[in-house]
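Subject: Structure handover

Hi there,

Here is the structure I promised to pass on to you. Have a look at it first, and then read on for what turned up in it.

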Amino acid sequence: MRYMTSEEIWNNFLEILSTRIATVSFNTWFKDTKLVNIKNGKLIIQVPMTFHKKFLNDNYYELIEEIINSITGTNYDLEFYRSLFGYVQQEPVLFNKSIR
């Protein structure tokens, strides 16, 4: 498998996801998300609002993990950060399926 940038991974993820969930759900929960970094076995995902963090963890964690694994061949933990004026807020919310 060739090296992919974070942007390429996230664009592939969004493309696949858009075929697996309702359009209104995709637009509500994923349209304004961005994969900002991959480090130490974690995907750092920027979300537009605080409530996206909990909602994505509670309702989409497994699906995100499944699709990302199919693209990268790797299992990652997910960290959601809220975007604040175009910058990623420093306080992460880490969701790991071992604590689910």
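First, a word on confidence: this is a predicted model, with a mean pLDDT of 85 over the chain and 81% of the residues at 70 or more. Among the elements of the chain, H2 has the highest mean pLDDT, 97, while strand E5 (residues 93–95) has the lowest, 42. The pLDDT is below 50 over residues 89–100, yet this stretch makes 34 contacts in the model beyond near neighbours in sequence.

Next comes helix H1. It spans residues 6–18, 13 residues in total, and from first C-alpha to last it reaches 18 Å, close to the 18 Å expected at 1.5 Å a residue. Which residues of H1 are buried? They are Ile9, Trp10, Phe13, Leu14 and Leu17. Because these cover an arc of only 130° around the axis, they sit on the same side of H1. Glu7 and Glu15, on the other side of H1, are exposed. As for what the buried residues of H1 pack against, the partners are helix H2 (23–29), strand E1 (34–39), strand E2 (42–47) and helix H3 (50–72).

Two of those partners also pair with each other. E1 and E2 run antiparallel and are joined by 5 bridges. Asparagine 37, for instance, has isoleucine 44 in E2 as its bridge partner. The hairpin of E1 and E2 has 2 residues between the strands, and asparagine 40 in this hairpin takes a positive phi near 50°.

The aromatic side chains may interest you too. The count comes to 6 aromatic pairs. One of them is formed by phenylalanine 55 and tyrosine 60, with 6.1 Å centre to centre and 50° between the planes.

Best wishes

How values were computed:
Residues numbered from 1 in each chain as written. Predicted model: local features only at pLDDT ≥ 70, side-chain atom pairs only at ≥ 80, totals over all residues. Heavy atoms only, no water. Helix = DSSP H or I, 4+ residues; strand = E, 2+ residues; numbered from the N terminus. Expected span 1.5 Å × (residues − 1). Buried < 20%, exposed > 50% of the residue type's maximum accessible area, 1.4 Å probe, protein only. Arc of directions from axis to C-beta. Contact = heavy atoms within 4.5 Å. Phe/Tyr/Trp six-rings, centres within 6.5 Å; stacked < 30°, edge-to-face > 60°. pLDDT = per-residue confidence, 0-100. Pairing = 2+ DSSP bridges.
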